[in-house]
Amino acid sequence: MRIVLLGAPGAGKGTQCKRIVEKYGFQHLSSGDILRQERAAETDLGKKAQSYMDSGALVPDELIVEMMAGAINKTPSAGFVLDGFPRTINQAAELGKSLDSSGKKIDAVVNLQVDDEIVALRITGRRSCPKCGAVYHIKNLKPKVEGVCDNDGTGLVQRPDDTLEVVKNRLENYRKQTEPVVCYYKNNGSVQDIDANKDADEVTALLFEMLDALVSS
Ligand code: AP5
């Protein structure tokens, strides 16, 4: 099963992918997480991506396509769920070509729909653990002890691109460059829209219902 999870910044892609992985055992491939790992390791790719990410711009396609092709090739056969990729029509076309060449295809495209005001609240309140990557929210998903990761006691941090100013750029770029990807997939097959303004557990229930139907078909 190969799934693409689309949605604006803060739609809840990462949160839902972790739950999908727990239930179905697919590999979670997040382009944002991979880029942050590259930055932390101070690789050439990480250094090139830094200024784009911090300003809320998209990292150039040629860097992303190669990076994600490498990640997909390393995934075991249980399948994967893509989070944050593809984010441009060009990335979607390159992904299609690369899967075609190995006789594979995308089985489902899911679009998490969320309002801009909710995005701003979710993103500015997000905190994450620099050690294990767990994601919290100062109101919606609090850790047991304020500012500290439940899993390993590490101090939580805010992503540098999670300020209101950068969120505006990220949303603008999402509208210009990534919303057309939703239309691209609608024109080339089908897209399942999910109302992601709802509580995280309600969104998970909708996603699981949809994925259960796909897995058993
Ligand atoms: P990336 O890391 O992919 O960021 P994003 O797409 O902007 O998405 P987020 O991680 O901000 O949000 P999410 O939807 O995963 O929400 P989450 O579950 O954490 O990309 C970062 C940057 O890398 C990009 O700006 C770009 O520069 C670059 N990049 C990445 N991929 C690229 C690509 N393909 N091409 C080019 N450049 C690329 O939830 C957010 C918060 O809300 C959390 O605190 C969570 O607890 C809370 N929450 C989640 N769901 C709910 C809910 N239903 N109700 C209440 N609270 C909720």
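Is Arg36 buried, partly exposed or exposed? Select Arg36 in this predicted model: with a relative accessible area of 28%, the residue is partly exposed.

For the model as a whole, the count of salt bridges is 14.

**Helix 5**

Next, select Lys97 and Glu94. The closest N and O atoms of this salt bridge are 3.1 Å apart. Helix 5 (residues 89-101) holds both Lys97 and Glu94, again three residues apart and about one turn of the helix. Colour the two by accessibility: Lys97 counts as exposed at 51%, while Glu94 is partly exposed at 27%.

Move to Lys176 and Glu172. They form a salt bridge whose closest N and O atoms lie 3.7 Å apart. In helix 7 (residues 164-187) Lys176 and Glu172 are four residues apart, a separation of about one helical turn. Lys176 is exposed, with a relative accessible area of 57%, and Glu172 is partly exposed, at 45%. Now select Arg126, Arg159, Asp161, Asp162 and Arg170 together: salt bridges that share partners join these residues into one network.

**Aromatic rings**

Turn to the aromatic side chains. How many aromatic pairs does the model have? The count is three. Select Tyr24 and Phe26 for one of them: this pair is stacked, at 5.6 Å centre to centre and with 10° between the planes. Tyr24 counts as buried at 16% relative accessibility, and Phe26 counts as buried at 7%.

Then select Tyr184 and Tyr185. The ring centres of Tyr184 and Tyr185 are 5.4 Å apart and the planes stand at 80°, so this pair is edge-to-face. Tyr184 is partly exposed, with a relative accessible area of 23%, whereas Tyr185 is buried at 10%. The labels part here because buried means under 20% relative accessible area.

Tyr24, Phe26 and Phe208 form one aromatic cluster.

**Cysteines**

Finish with the cysteines. How many disulfides are there? The count is zero. Select Cys17 with Cys132: Cys17 is in no disulfide, and the sulfur of Cys132, the nearest cysteine sulfur, is 17 Å away. Cys17 is buried, with a relative accessible area of 0%.

The cut-off explains the result, because a disulfide needs the two sulfur atoms within 2.5 Å. Cys149 counts as buried, at 3% relative accessibility.

Note on methods
Residues numbered from 1 in each chain as written. Predicted model: local features only at pLDDT ≥ 70, side-chain atom pairs only at ≥ 80, totals over all residues. Heavy atoms only, no water. Phe/Tyr/Trp six-rings, centres within 6.5 Å; stacked < 30°, edge-to-face > 60°. Buried < 20%, exposed > 50% of the residue type's maximum accessible area, 1.4 Å probe, protein only. Salt bridge = Lys/Arg side-chain N within 4 Å of Asp/Glu carboxyl O. Helix = DSSP H or I, 4+ residues; strand = E, 2+ residues; numbered from the N terminus.
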